[in-house]
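Work through the exercises below with the sequence and the 3D structure at hand. Try each task yourself before you read its solution.

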Amino acid sequence: MVAATVGLRGLSLCTLSLPILRSAKIKLPIHSFPTSRSLKPLFSPFNPTILRGFPSFCASPDVNVEATATAPPATEAENSQSADDIKNAANLLDIRVGRIIKAWRHEEADSLYVEEVDVGEPEPRIICSGLVKYMPLDLLQDAKVVVLANLKPRNMRGVKSCGMLMAASDASHETVELLMPPDGTIPGERIWFGTEDDKDSQPEPATPNQVQKKKIWESVQPHLKTDASCSAMLGEYLMQTSAGVVVCKSLKNANIS
């Protein structure tokens, strides 16, 4: 005998055999749930509320993967827009030529140097850098550097650090080299990405609060690299000064941070 379960007004009564159901004169629904108009849409297996709230056990677990894999690739316009967004964000960074006036070991942190850096302001900035492991102190003295100047100041073991020296590093982060502006640049000169036209269209830099709130540096940094000639680049745009391109000493195709 074939058994069936009948729900009446939303409640399951029992499991009955067909002969008993016939004698009880209960009509079996064939294509739907009980005829209550309020219950039919609620308990329908195709109810969108149910479909949204629970996974479908009838679908292959690879359905979504397949849909993603067969989705059309991003158009050139979309890719271009993304590159433009990154470039626009980079234009809000205040990246400057700097010159280290003097540098010394941090008294409270073995991995840190403290630098006094001329960035074209009335007073030099104090910047802390975790470079002890990567280069001797004498290489920093009087060195031309690239400074990210609109980060919020950070207290680093009792020393207020007001900026960041930008550097290239290999994939293992075992070799680090400071970015170097070319000879002829002046401390305080703002650095840009691209051509002379890009320099002329640079907006005012964002405030440190804006850089932090909008995560501008975090959105730009993954796209900063050196190329095969050790030139610093943002995507396809060279990092430029009035005297030429910013470079590092020897690291090719390296990350910049």
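**Exercise 1: a salt-bridge network**

E121 counts as partly exposed, with a relative accessibility of 29%, where buried means under 20% relative accessible area, exposed means over 50% and partly exposed lies in between (1.4 Å probe, protein chains only). The model is a predicted one, in which local features need pLDDT of at least 70 and side-chain atom pairs count only at pLDDT 80 or more, while totals for chains, interfaces and linings use all residues. Residues are numbered from 1 along each chain as its sequence is written, and side-chain values use heavy atoms, with hydrogens and water left out.

Task: Find which residue forms a salt bridge with E121, and state which residues are linked with E121 in a network.

Solution, step by step:

1. A salt bridge requires a side-chain nitrogen of Lys or Arg within 4 Å of a carboxyl oxygen of Asp or Glu. R96 meets this condition with E121, their closest N and O atoms being 3.1 Å apart.
2. R96 lies in strand β3 (residues 95–105) and E121 in the loop between β4 and β5, so this pair ties together parts that are 25 residues apart in sequence. Helices (H or I, at least four residues) and strands (E, at least two) are DSSP runs, numbered from the N terminus.
3. R96 also forms a salt bridge with D94, at 2.9 Å from N to O. D94 is buried at 8% relative accessibility, and R96 is buried at 13%.
4. The network of salt bridges links D94, R96, E121 and R125.

**Exercise 2: the sheet**

Task: Give the order of the strands in the open sheet, and explain which strands stand at its edges.

Solution, step by step:

1. The five strands follow the order β5-β4-β3-β6-β9, with antiparallel pairing; two strands pair if DSSP finds at least two bridges between them.
2. β5 (125–129) and β9 (164–165) each have a single partner strand and stand at the edges, so one side of each is left without a neighbour in the sheet.
3. Strand β4 (residues 113–118) pairs with β5 over five bridges, in the antiparallel sense, and the bridge partner of V117 in β5 is R125.

**Exercise 3: a link between helices**

Task: How many salt bridges does the whole structure hold, and which residue pairs with D198?

Solution, step by step:

1. A search of the whole structure finds five salt bridges.
2. D198 pairs with K87, the closest N and O atoms being 3.3 Å apart.
3. D198 belongs to helix α6 (residues 196–200) and K87 to helix α5 (residues 76–90), so the pair ties together parts that are 111 residues apart in sequence.
4. D198 is buried, with a relative accessible area of 19%, and K87 is buried, with 7%.
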